[in-house]
Amino acid sequence: MKGSIAVVLKCYPRLSETFIAQEIHALESAGFDLTLVSLRHPTDKKTHPVNAEIRAPVIYLPEYLYQEPLRVFNAWRKARRMPGYRKARNQWLADFRRDLTANRGRRFGQALVLAAEFPERAGWIYSHFIHTPSSVARYAAQMRGLSWCASAHAKDIWTSPDWELSEKLGSAAWTVTCTAGGAAHLRTLAGQPEKVNLVYHGLDLSRFQRFPDRAATRNGSDKADPARLLTVGRAVAKKGLDTLVEALALLPDELSWHWTHIGGGELHEALKAQVKRLGLDGRVTLLGSREQVEILSAYRSSDLFVLPCRIAPNGDRDGLPNVLVEALSQGLACISTPVSGITELLTDEVNGLLVPPDHPEALAAAIARAIGDPALRERLGKAGAERVHAEFDHKATIGRLIALFESMGTGTAAARERAAA
């Protein structure tokens with residue numbers, strides 16, 4: 001066994017976070033002993049196959065402190081006797097003065113429970129997302145005198161205040177993030193930029209094997225066999241799905257197509273209402289969340305993948321959407337936007353088509369062009385698949401993360417010595 005790690009997650013398991021489950025499974029396969037710590041209980045009714053293969057036990061912290069007051073009180077009684085309790089409390093008070101929210105108070109309460117119920121065999125703490133999960137991880141690590149590290153992604157980077165990011169980057173032993181743009185931003189905030197590491201999520205290509213049977217023949221001329229458009233992703237502002245629906249309404253009347261959306265999300269009902277308002281009901285299927293096997297089948301039966309990402313009004317944005325990597329792995333031509341890390345995967349006219357965000361006219365033109373030109377789709381799809389299989393193999397990317405964990409040592413004692421240094 002290489003070492004024991006407590007992994008702090010916002011919610012586990014979660015359909016929209018396949019990349020996290022994939023990473024957890026890979027760390028277990030590499031010989032790490034994991035305990036998963038979730039701030040929330042799951043709400044998805046389904047899970048991906050990879051979740052069933054994960055052996056790690058899960059500790060669910062109190063989602064809201066008032067729901068388990070005795071558990072929180074007993075945790076405080078135990079944690080307040082820990083050598084690092086005063087340091088953690090003072091850090092929380094400093095944070096709370098700058099962020100007077102119930103959410104901040106809840107994170108300290110959850111950290112008390114984590115510190116009190118911490119798996120004794122674990123040598124350090126690793127948190128996914130550098131906002132709320134890393135707050136819990138940091139406070140608990142301080143209480144117990146442990147090292148901690150973090151994985152930053154997208155929303156957590158771009159919607160967190162700079163002061164908080166800077167302090168967490170300084171406190172963590174190291175941080176990984178999944179796009180070059182995110183890494184560059186974090187390095188400007190870190191006192192030690194070398195502690196910020198770029199590690200792409202990659203794709204488990206054993207689950208997304210090449211699909212050699214794709215036949216790019218539909219061109220939108222056959223009403224009985226329309227071109228099949230697909231989008232996978234939560235219905236949230238940063239995905240730009242409202243722009244996509246506007247673009248679909250602008251497509252030429254003579255063009256035959258059908259769009260399928262897979263994903264839940266807070267804007268699902270608004271999306272459904274927009275589809276109805278624009279008279280697209282008969283040409284659109286909104287499926288809600290689906291597990292990985294169903295999504296893979298959808299990639300293979302579709303002709304074009306469309307994801308017009310944008311920067312949301314609150315600054316939220318995607319990193320490098322994993323669904324684009326998945327779609328390309330199956331030779332499915334993709335249309336997206338040059339936002340955040342997408343250009344680290346897609347090159348316009350080489351292995352995909354890129355259009356400006358929030359531009360339904362440009363998006364409609366790109367979709368119409370791709371539908372009407374099966375040879376273009378085939379060329380882009382093949383180039384995309386080659387890029388994914390050459391540069392985004394999860395076995396290669398996870399090796400960088402494993403090396404970082406191995407650099408931290410294997411035992412609780414070593415971790416505590418580093419934390420005290």
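This is a predicted model: local features need pLDDT of at least 70, side-chain atom pairs count only at pLDDT 80 or more; totals for chains, interfaces and linings use all residues.
Once the neighbours within four places in sequence are set aside, isoleucine 24 is in contact with Leu9, Tyr12, Leu34, Leu36 and Ile54. As for alanine 56, it lies 32 residues from isoleucine 24 in sequence, and the two C-alpha atoms are 8.7 Å apart in space.

Histidine 261 is another residue to look up. You'll find it in strand 9 (residues 257-262), and it counts as buried because its relative accessibility is 0%. Leaving out residues up to four places away in sequence, histidine 261 touches Thr231, Gly233, Ala235, Leu241, Leu271, Thr285, Leu286, Leu287 and Gly288.

**Salt bridges**

How many salt bridges does a search of the whole structure find? The count is 27. Here are some of them, with the N to O distance for each.

| Side chains | N to O distance |
|---|---|
| Lysine 2 and glutamate 406 | 2.7 Å |
| Arginine 71 and glutamate 117 | 2.8 Å |
| Glutamate 378 and lysine 382 | 3.2 Å |

Take the bridge between lysine 2 and glutamate 406. It links distant parts of the chain, with the partners 404 residues apart: lysine 2 is in the segment before strand 1 (3-11), while glutamate 406 belongs to helix 16 (residues 394-406). Lysine 2 is partly exposed, given its relative accessibility of 31%, and glutamate 406 gets the label partly exposed at 41%.

Then there's the salt bridge of arginine 71 with glutamate 117. This pair also joins distant parts of the chain, here 46 residues apart, with arginine 71 in helix 3 and glutamate 117 in the loop between helix 5 (102-116) and strand 4 (124-128). Glutamate 117 comes out as partly exposed, at 33% relative accessibility.

What separates glutamate 378 from lysine 382 in helix 15? About one helical turn, because they are four residues apart in that helix, which runs over residues 374-391. Glutamate 378 is partly exposed with a relative accessible area of 36%, whereas lysine 382 counts as exposed because its relative accessibility is 54%, and the cut-off for exposed is over 50%. Elsewhere, salt bridges that share partners tie Asp95, Arg98, Asp99, Arg104, Glu164, Glu167 and Lys168 into one network.

Now for the surface. Arg77, Lys78, Arg80 and Arg81 make up a positive patch. One of its members, lysine 78, is in helix 3 (residues 69-79). Is lysine 78 buried or partly exposed? It counts as partly exposed, because its relative accessibility is 37%.

There's a nonpolar surface patch to go with it, made of Leu70, Phe73 and Trp76, which together have about 310 Å² of accessible area. Phenylalanine 73 belongs to helix 3, and its relative accessibility of 42% makes it partly exposed.

Technical notes: Residues are numbered from 1 along each chain as its sequence is written. Side-chain values use heavy atoms; hydrogens and water are left out. Patches are made of residues with over 30% relative accessible area and no salt bridge: like charges are joined within 9 Å, nonpolar side chains (Val, Leu, Ile, Met, Phe, Trp, Tyr) within 5 Å. Accessible areas come from the Shrake-Rupley method with a 1.4 Å probe; for residues, only the protein chains shown count as cover. A salt bridge is a side-chain nitrogen of Lys or Arg within 4 Å of a carboxyl oxygen of Asp or Glu. Lys and Arg count as positive and Asp and Glu as negative; His and the chain ends are not counted. The place of a charge is taken as NZ of Lys, CZ of Arg, CG of Asp or CD of Glu. Helices (H or I, at least four residues) and strands (E, at least two) are DSSP runs, numbered from the N terminus. Buried means under 20% relative accessible area, exposed over 50%, partly exposed in between (1.4 Å probe, protein chains only). Contact means heavy atoms within 4.5 Å.
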